[in-house]
Each structure stands twice: as structure tokens, then as C-alpha cells.
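Please look over the sequence and the model below before reading on. The paragraphs that follow lead through the structure step by step.

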Amino acid sequence: MDALLGPATSGWAGGLRDSPGQGHSTHGGHAARAERDLLLPALHAVQDRIGWISQPALSYICRRLSVPPAEAYGVATFYALLTTRERAPIAVHVCDDIACRLAGAEDLCADLARTHGPAGQAGPDGSTTWLRSPCLGLCDRAPAALFTVAGPEPEKLAVAPIDAVGVSARLAEAAAGRPIDVPELPEAAADRLAAARVSVPQAGQDRLQLLARVGRIDPASLDAYEATGGYTALGRSLEIGPDAVIAEVTASKLVGRGGAAFPTGRKWAAVRAADGSPKYVVCNADESEPGTFKDRVLLEHDPFVVIEAMTIEGFATGAERGFLYLRGEYPLAATRLARAIEQARAGGWLGPDIRGSGFAFEIDLRIGAGAYICGEETALFNSIEGRRGEPRNKPPFPVEVGLFGQPTAVNNVETLANVPLIMAGGGAAYAAIGTEGSTGPKLFCLSGHVARPGTYEVPFGTTLRELLELAGGATGQIRTILLGGAAGVFVGPDVLDTPLTFEGTRAIGATLGSGVVMVFNESADLVGTLRRIAAFFRDESCGQCVPCRVGTVRQEELLARLEAGRPNGSPADELRLLAEIGQAMRDASICGLGQTASSAIESAVRAGIVTA
Ligand SMILES: Cc1cc2nc3c(=O)[nH]c(=O)nc-3n(C[C@H](O)[C@H](O)[C@H](O)COP(=O)(O)O)c2cc1C
Ligand code: SF4
Ligand code: FES
């Protein structure tokens, strides 16, 4: 059975090992229960090897980790990339989410249904299947698909753009036992740089800060990273000490880029001051908000910067261990991060005594399995701990009771990528970029009807119009723009001169969220888009609290009735009900998912973008 579990998955492959905080290496009883955080890696290993999680495999895992079967089953059935039902070993997950819909995803799905049969069923050859998927974080190159090939040497490959012919060709290759053709996983440094330039139209330009290395240096090379200033920030941090590092980050006025805009310096200071040991840092690389792909770009094309920043964060907060939680749909980022962590360790930038400083720090890479809610910080902790990815009540906040119940600093990938800039130039210089309330450079994810979609870097305060011009302008007449993702707000072309800052977007009733700017022209099917957003929240609600579990379903049903022209009562009655559902979810949901699930839909109605 050990062989069945295969080699690939972090943490599990070497058998049971010292667990965080507990330090046991045998199994059985208390020691094995302390291995619970290996549950998700173990489930991944089975899924990767045989394409689904069979009852005997699940039972074996339960015995080895002393996890009650009902709980392990609850975890295995929580994630979209895992399945407990027998499934063909070769699967393609086709994105039918909002940006891909604009690029013809529904036609792609219809073609696949004709040639391969209905979604979820085995195709004519029995070894392949196709499934619909929410956003794969490749919206700039939509439509997108993720291939997963189970076996002794499992493969995962994200491809975009792709059409039905491309999907069929790759499925046929996999079914014939050949590796999938992998132009998106180029191993040559020149190809890696070229790939970066596709995702980042500004690549190679001067004055970029967060994207400075993208398309310019080989992301697989620690030497190249060091030659472009990499690790000087950690070196300086080790010299000036933790309190001075926190003082610089506080002076920079950096706030989190994961959506909540919380001051990073304050978070780090709270973890440093918290009682309790060990402490942890967590990098949130779950990036699953539809329309968001900026973190992927950083992780794929500048992985060392995130590793360096996590190490600085560990030093500042007093943590010796970090977890980087990456969404399961980013196989290229996973490969590059794993390699970069190894290289950093070999280069003395991770390990028991970093560059002779006496500071010890290690990073574990953990891979998610398809659940938007695991981006919520406490759901993420539960996911790492081997539990269902359900958010916890707050307070207590993670700075006091976080991962494994210990003080934890959790930060978004882009937030962390700012830290070496701050340490290099000083907090005050950083704070001079942008505006008083929104400092620093900012990444935006442009997709939909724009001439050059991709990840763009601009200083905070750049207007929406200027950002669109950078991307070559809209294609067609702008009907509406979605700011902030599925949890964001639709705005009209009348607000193009709004400065893109936290305060500027707040003033127009919108949000920056995760930096999504998705453009819809007159040809877009907006009602279909709203229904897809509603379906997204219905599917992704963890179901833990009633307002969100029921409200997301009711919201989706209501939009379906309106679309079909069969309202309950008058259309105006339906809109009143929609507003009531939204209010109930905002008022009574435990976490941000339920609180924002109606935001985009209500904004579209408010702005008259869709009418009953
Ligand atoms: C439903 C939901 C999904 C979230 N997804 C992400 C995510 O994918 N990435 C992220 O960094 N933060 C996400 N967040 C925000 C995190 O809970 C947390 O605020 C963030 O990781 C803190 O890092 P920051 O301060 O650097 O922004 C999400 C929040 C909610 C409510
Ligand atoms: S609001 Fe939704 S996603 Fe959040 S805890 Fe409640 S049911 Fe789960
Ligand atoms: S990759 Fe399809 S919507 Fe993002």
C-alpha cells in the first residue's frame, strides 16, 4: 500500500514524520493523531496515483493516521479535485467561469459533450473524462483547462488558451500513455522568459518593482535571483533585528493585498507580541477568486521573492516554520516553488542556521485541492490541519490562535512580494509611492474584453482609464467592468476616472478586492455572467452556516427564474427578495464568502446593468 501512495506528495512520501509542534515520529495513538496534517497530502497521493479515492485506500489512510473514517470521508468529499467515486484516470477540468465564458467556454463545453459525452462521465475510450471547473487563474489567456493524469508518474498541466481540438489531442496523448505535450512547462530558460512575457505585457520595462524580474531572469535560478538583489533584504533584516524590521514594514503603511487590506506591520507586531510558542507564518497562495491570477504570475516567475519574504516574516514575528498553501490548480507554480525551496535550502537561505545568523526557518509547501473557501485564512488553517476547509469563528484572531492553535501571521503572496522592496529602500521611501491611504505599487489582473489582457503593475492612484489604456484599451464598447472579482462590484464606464486606491474605489461603492479588472463589452451575456457568479457561490459555500448555505441557493434560483422570464410574483418582487437575501447573508454569515456572495449581483441590478 505504501507503494500505492506513490512518491509525489509533500510530507507523505517519506512516511510519517515529526509533526508540527508535537515532534512524534512513530504512529498509533496520540502520536498518530498528531499526524493529522498529513491527511490532505495522503489523499492527494491516492488521487494522483489511481484517479480517485477508493474505500480501501481511505481506510488505510485512516488507520495510518488514526483519523476517524467519517472525518476522513468528510475531508475527501470537501474538495473538488478529489473524488470518492470511481473515475477515469485521465481528466480535464474545463473552466466555464466568467472570463472563460467571454472567450467561448460554453461552446467548448458543448463541443466536448458532443465528442466525449456528458461532463463527468467516462468518454468513449473509458480512460478519459471531462468536467466543468470554476476559474483556473488563467483568465488572461481564456479559455483554460487543467489536465490531471493519474498513474505511477502523475501529471498535471494547465493549458490556456485551448479549444476542443486541443483538449481532445491532449486526452488522446495521455490515453496512449504518452506524456502530455507541455509547451506551458518549458524547461529551457529562454522559453521560461518568453512564457513570462505572455502573462505580463509590461515584462522587461524599467521602473517595475513587483514585476521587475518577470521575463528578465530565469525563475529557476537562485544565482540569477541573487544577482538581481535577491536576499539582500533578508541579509539586512538579519542585521537590524526583528523590531526594526517590523518598524520598517509599519512605516511603509503596507496593507494586505488578499482583500481585507489589513496593515501588515500591525499584524506582524501582534504575532511577535503574542504569548505562545511555536509561532507560524502562512503564505496564502490559494488565489481562487474568479478573475484573479496575479499571485500565480509572481509564484511562477519570481518564486524566490515569496520564499525570501516568508523568511523575513518568520524572523520578524519569531516563527521558525512557514507553510505556503498553494491552490491545487497551479501545477507549474508548485513545481517551481518546490525547486526554489530546495535551492534556497542548499544555498543556506533556509535551514537550522541561516547564513550563520543563528536564525532557523523552514518552509513546507502544501497543495490545496480545489476549494475557494480555503483562501479564507482560518479555513486555510483547517485545510492544512487535515480538516474540512471550514472557516472558524473570529475572535480569536489568527495572530493569537491560528494554525495548530498557535499565533500565526498569514499574508497574501503579493503582500509578501512587497516586503523585500520595503527592506531594500526603507519603509518611508515605499510609503511615498501611491497615495496617503494606499501606498506602494499594485498588481491588477486585466481580462475580458481588453486588447492585451494580463497582469499589470501600476502605482496606487492610477485611474481605471489609465490602466485600461496600458492594456491597449477595451475591445468594443464598454458595457460594464467587474472590479474585485466575483465578490466585487460591477461599475459602469462613467467611473473610468476613479483612482484605483482603497479609498477611491470605496468612494464609488466598489472595492479593489484581489485586483480584478474584468471588462465586458456590449456583446457580453451579462445575465449568464450573473448566474455563473451565483452558481460559483452556491458551489463554494462550505455549508457551515444557514444564511450562506441557503441564501446562495435561493439567489441562484431567483436569477434562473428571472432569466427564464418566470418570476414569482412581479419582477420587482423578485428584486426586493434578492436584496433581502443579500442583506441576510451580509448580516448573519460567519465569513466573507457569505457576506459578499450577493455583492456583484446586487451591484449589477443597482447600476441597471441587468433589469428584471
Ligand atoms: C472567501 C474568502 C476567500 C479568500 N481568498 C483569499 C485568497 O485566495 N488569497 C488571499 O491572500 N486571501 C484570501 N482571502 C483573505 C484572507 O482571509 C486573509 O485576509 C489574507 O490571506 C490575509 O493576508 P493579507 O493581509 O496579506 O491580505 C479570502 C477571504 C475570504 C473571506
Ligand atoms: S459564510 Fe458560507 S462559506 Fe463562510 S462559513 Fe458560512 S457557510 Fe461557510
Ligand atoms: S481561468 Fe477561466 S475564468 Fe479564470
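**Salt bridges, sheets and cores**

The side chains of Arg272 and Asp243 come together in a salt bridge, with 3.2 Å from N to O. Arg272 belongs to helix H13 (residues 264-273) and Asp243 to helix H12, so this pair ties together parts that are 29 residues apart in sequence. With a relative accessible area of 31%, Arg272 is partly exposed, while Asp243, at 55% relative accessibility, counts as exposed. Salt bridges that share partners also join Arg257, Lys294, Asp295, Glu414 and Lys442 into one network.

The pLDDT, which is the predictor's confidence in each residue on a scale from 0 to 100, averages 93 over the chain, and 93% of the residues score at least 70. Over residues 1-29, however, the pLDDT is below 50, although this stretch has 71 contacts in the model beyond near neighbours in sequence. Where pLDDT is low, the predicted coordinates should not be read in detail.

The cut-off for a buried residue is under 20% relative accessible area, so Glu248, at 19%, counts as buried, whereas Arg236, at 28%, counts as partly exposed.

In the model as a whole, the count comes to 39 salt bridges. A further one of them joins Arg132 with Asp96, and the closest N and O atoms of this pair are 2.8 Å apart. The two residues link distant parts of the chain, since Arg132 is in strand S2 (residues 128-133) and Asp96 is in the loop between strand S1 (90-95) and helix H6 (98-102), 36 residues apart. Is each partner buried or exposed, or does it fall in between? Arg132 has 40% relative accessibility and therefore counts as partly exposed, while Asp96 has 6% and therefore counts as buried.

The strands S1 and S2 lead on to a sheet. It is an open sheet of four strands in the order S2-S1-S3-S4, and its pairing is mixed. S2 and strand S4 (155-159) stand at the edges, each with a single partner strand, so one side of each is left without a neighbour in the sheet. From one strand to the next, the twist averages 15 degrees. Within this sheet, S1 and strand S3 (residues 145-149) run antiparallel and are joined by five bridges, and Val92 stands opposite Phe147 in S3. Helix H7 (residues 105-116) lies across S1 and S2, and the helix runs at about 155 degrees to S2.

Which strands does S11 pair with? One partner is strand S13 (residues 516-521), which runs antiparallel to S11 and is joined to S11 by five bridges; in this pairing, Ile478 stands opposite Asn521. Another partner is strand S12 (residues 489-491), also antiparallel to S11, with three bridges between them, and there Ile481 has Val491 as its bridge partner. S11 and S12 form a hairpin with five residues between the strands, and in this hairpin Gly484 takes a positive phi near 90 degrees.

Finally, consider the nonpolar cores. The largest has 81 residues, and those with the most contacts inside it are Leu39, Leu43, Tyr79, Ile373, Phe490, Ile533 and Phe537. Helix H22 (residues 526-540) supplies the largest share of this core, namely six residues. Leaving aside residues up to four places away in sequence, Ile533 touches Ile98, Ala486, Phe490, Ala600 and Ile601. A second, separate core has 63 residues, including Ala333, Trp349, Ile363 and Leu416.

Definitions and conventions: Residues numbered from 1 in each chain as written. Chains lettered and ligands numbered in written order. Predicted model: local features only at pLDDT ≥ 70, side-chain atom pairs only at ≥ 80, totals over all residues. Heavy atoms only, no water. Contact = heavy atoms within 4.5 Å. Pairing = 2+ DSSP bridges. Core = buried A, V, L, I, M, F, W, Y, C linked by side-chain atoms within 4.5 Å. Buried < 20%, exposed > 50% of the residue type's maximum accessible area, 1.4 Å probe, protein only. Salt bridge = Lys/Arg side-chain N within 4 Å of Asp/Glu carboxyl O. Axes fitted to C-alpha atoms, helices over the stretch in contact; angles between N-to-C directions.
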